[in-house]
Amino acid sequence: MSHVIERPGGSITITDAALHEVVVGAVGLVSGARPRRRRGVELEVKGGRARVGLELSAPVGAVLPDLARAVQVSVTSALSGMCGLVVDAVDVTVAEVVA
């Protein structure tokens with residue numbers, strides 16, 4: 001799952017743990033959205049392309065499709081902007097609603 005960027009003069013490796021934290025941080029930017037522990041984030045990276053699967057907790061009263069869409073946008077922006085990845089999909093499952 002590590003992402004390697006080859007450049008003249010050397011390569012840059014973004015580790016699995018760093019990619020995971022980028023995704024978790026992007027979810028945290030969306031008010032009320034919380035990833036469900038580490039197992040709630042699946043990330044597949046191949047050839048500079050990423051696919052993400054997320055399980056979220058959402059607050060009672062949130063408009064769930066809007067919250068999920070905001071998470072998709074935030075995660076896509078973070079992975080493409082910070083890591084140079086092309087994001088093919090961010091699949092979101094709202095797994096629980098909490099008070």
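Student: In which helix is aspartate 16 found?
Tutor: Helices (H or I, at least four residues) and strands (E, at least two) are DSSP runs, numbered from the N terminus. Aspartate 16 is found in helix α1, which covers residues 16–28. Please note that this is a predicted model, in which local features need pLDDT of at least 70 and side-chain atom pairs count only at pLDDT 80 or more, while totals for chains, interfaces and linings use all residues. Residues are numbered from 1 along each chain as its sequence is written, and side-chain values use heavy atoms, with hydrogens and water left out.

Student: How many helices and strands are there in the protein chain?
Tutor: The protein chain has two helices and six strands, and from the N terminus their order is β-β-α-β-β-β-α-β. The radius of gyration, taken over C-alpha atoms, is 14 Å, close to the 13 Å that the globule rule gives for 99 residues, so the protein chain is as compact as a globular protein of that length. That rule is 2.2 Å times the number of residues to the power 0.38.

Student: What is the relative accessible area of aspartate 16?
Tutor: Buried means under 20% relative accessible area, exposed over 50%, and partly exposed in between (1.4 Å probe, protein chains only). Aspartate 16 has 30% and is therefore partly exposed. Glycine 25, also placed in helix α1, is partly exposed because its value is 39%. Buried residues make up 33% of the 99 residues in the protein chain.

Student: Which residues have the most contacts inside the largest nonpolar core?
Tutor: A nonpolar core is a set of buried Ala, Val, Leu, Ile, Met, Phe, Trp, Tyr and Cys residues joined through side-chain atoms within 4.5 Å. The largest one here has 26 residues, and Leu54, Val75 and Leu79 have the most contacts inside it. Helix α2 (64–83) is among the elements that supply at least two residues each; α2 gives the most, with six residues.

Student: Which residues does leucine 79 touch?
Tutor: Contact means heavy atoms within 4.5 Å. Not counting residues up to four places away in sequence, leucine 79 touches Leu19, Val22, Val23, Leu43, Ala50, Val52, Gly84, Leu85 and Val87. Over the protein chain, 57% of the contacts between residues at least 6 apart in sequence join residues at least 24 apart.
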